[in-house]
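Keep the viewer open as you read.

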Number of protein chains: 2
Amino acid sequence: MFAYDLNIYVMEFDYLIAPNPDDPRLTRRVEGIDHAGKEIVTSVTVERPLTLFLNGQEIVTMMTIGDYPEYLALGYLLNQNMIHEDDHITSIDYDADIETVVVRTAMKTTFEEKVKKKTLTSGCAQGTVFGDVMEKFETISLPEGHIIKTSWLTTLVKKINTTPSLYLEAGAIHGCVLAREDRPLLYMEDVGRHNAVDKIAGYMYQNDMSGADKIFYTTGRLTSEMVIKSVQMGIPIVVSRSGFTAWGVELAKQVGLTLIGRARGKRFVALAGQHRIVSDIDPLDEDE
Amino acid sequence: MFAYDLNIYVMEFDYLIAPNPDDPRLTRRVEGIDHAGKEIVTSVTVERPLTLFLNGQEIVTMMTIGDYPEYLALGYLLNQNMIHEDDHITSIDYDADIETVVVRTAMKTTFEEKVKKKTLTSGCAQGTVFGDVMEKFETISLPEGHIIKTSWLTTLVKKINTTPSLYLEAGAIHGCVLAREDRPLLYMEDVGRHNAVDKIAGYMYQNDMSGADKIFYTTGRLTSEMVIKSVQMGIPIVVSRSGFTAWGVELAKQVGLTLIGRARGKRFVALAGQHRIVSDIDPLDEDE
């Protein structure tokens, strides 16, 4: 939609991974009409199925833009508690033709047995998985000692909003960003926000990156799911341009997560973990 | 957030069902701070689990605001192709205490047997269900002879945006509206847009309401899922304030669905089924 040099953005903001709206696999040009009846050509986001296997077990078919299938697979399994830090991963094989990704571990995981038992009685593994995730959630304690300055927040939001992205190119997509202080490090997009966060989790695991000193930004709502995933990734501070759900807020309070929503320009609302927010912008500036 | 009389809106726009942001079960007041460090109290949307059973079979646990559990259950089963028009439904029992809803049919449905077979081999029923849905999708032909005037579209968007809603009260929620010409009939909200559309499907089924002369409006993106559900509900025209995905557009073209996105004020983009759009607003007005 506008001309730019992607490398400038990767360099200027020091992204490790930034969106690549020029990738021809991720958008498609479609003809249509506008409100005046005029013929137009516009970009739309591509979504494609990806079926995930853990060893011999088919787990789920996800709809994804398909840019980082290996990170997505790994992050999904981690965030669903289907694999753990001590499961030795021997391979991750992505096959574009048959749209599958297979994650293999040295030994069978405990999850495969659980899935078999559960599905014999109730028909779907989702209940079990959710139960396991909540059990783990209650044992996690988030690191203290890391803060977010309001000046970082303002800078971060501005950098993220001006980074070339599929969102700016084609819309209809969610973005998640992993940041340190006011520097965005990883910016992942996908049709579902759960995929975008899972891709970040997969990258962090593969690169042995800690969540303790990070800030997690999402364009999506601060739901229970988003809170649970951030906490599992060990990230103490979560920011969204969007709003909250009550259960999201409750879980964040339970575990001491800093939950900042409705972040636009210099404005925001924090509904949990306010102790990590350090105000270093003069409130008198707020109407600038 | 502002004072109004709900009945005025139900009467003025002739809604059959409109959002009820005053319902104390749907939002919670939460304390926090704003960007200036000032203590504030704000409304957030409530989400709660609802476990759905079809006869003796546990199907899924959904996260929902919980306002119309019976319509949600029925619409979910219909839109997932788990029950069909000729399955005689004998009861729908909602139990608020244990957060379950049980749909019973006179005879076992074909779905329960399928679930059992499938889960023995692959661990989850989702693949089968999706397969069935696509099979049915390919056999559907949408009714012709119904149109949307651009003046209706403008009026509809304005009415929907000014209707008191949980979105205006607390944000972080999706809305779906079933309309006829420029009159919104059903306005359902939920934490997931799939729930909002399923509640409308459940209402339509219970009240024997045809989709042929209707327009479906959603705040969410025009994904394959949204296109499939609208088509299954027999609705030929779909409108969103949000954008498109490529597969959504492709499926809409396949089946001749009119797909209108990025609808704001008088502006929109149509990427499929343009033949049903009748322009009756002078394009010269567009910069008003």
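This is a predicted model, in which local features need pLDDT of at least 70, side-chain atom pairs count only at pLDDT 80 or more, and totals for chains, interfaces and linings use all residues. As for labels, residues are numbered from 1 along each chain as its sequence is written, while chains are lettered from A and ligands numbered from 1 in the order in which they are written.

On confidence, the model scores ipTM 0.79 and pTM 0.84. Chain A averages a pLDDT of 87, with 85% of the residues scoring at least 70; pLDDT is the predictor's confidence in each residue, from 0 to 100. Where pLDDT is low, the predicted coordinates should not be read in detail.

Now the strands. Helices (H or I, at least four residues) and strands (E, at least two) are DSSP runs, numbered from the N terminus, and two strands pair if DSSP finds at least two bridges between them. Start at β6(A), residues 100-105, which pairs in the parallel sense with β3(A), residues 48-54, over 4 bridges. Thr100(A) in β6(A) is the bridge partner of Thr51(A). Strand β5(A), residues 89-95, runs antiparallel to β6(A) and is joined to it by 6 bridges, with Ile92(A) partnered by Val103(A). These two strands form a hairpin with 4 residues between them, and Glu99(A) in the turn has a positive phi of about 50°.

Next, look for the sheet that takes strands from both chains. It is open, has 8 strands with mixed pairing, and runs in the order β9(A)-β8(A)-β10(A)-β11(A)-β12(A)-β13(A)-β1(B)-β2(B). The edges are β9(A) (183-190) and β2(B) (39-45), each pairing on one side only. Neighbouring strands here are turned by 30° against each other on average, direction ignored. Axes are lines fitted to C-alpha atoms, for helices over the stretch in contact, and angles run from 0 to 180 degrees between N-to-C directions. Within the sheet, β11(A) (237-240) and β12(A) (258-264) run parallel, joined by 3 bridges; Ile237(A) has Thr258(A) as its bridge partner.

Which helix packs on this sheet and touches β13(A)? That's α5(A), residues 150-162, which also touches β8, β9, β10, β11 and β12 of chain A, with its direction at about 45° to that of β9(A). Helix α7(A), residues 193-206, lies across β8, β9 and β10 of chain A and runs at about 130° to β9(A).

Over in chain B, α8(B) (224-232) and α9(B) (246-255) pack at an angle of about 25° with axes 7 Å apart. They are therefore roughly parallel to each other, the term for angles under 35 degrees. Among the residues making this contact are Val231(B) of α8(B) and Trp247(B) of α9(B).

Finally, chain A is divided into domain 1 (48-137) and domain 2 (148-287), with bounds from an automatic or database domain assignment. Their contact takes 16 residues from domain 1 and 17 residues from domain 2. On the domain 1 side, α2(A) gives the most, with 9 residues.

Note on methods
Contact = placed C-beta atoms within 7 Å. Parallel < 35°, antiparallel > 145°, perpendicular 65-115°, else oblique.
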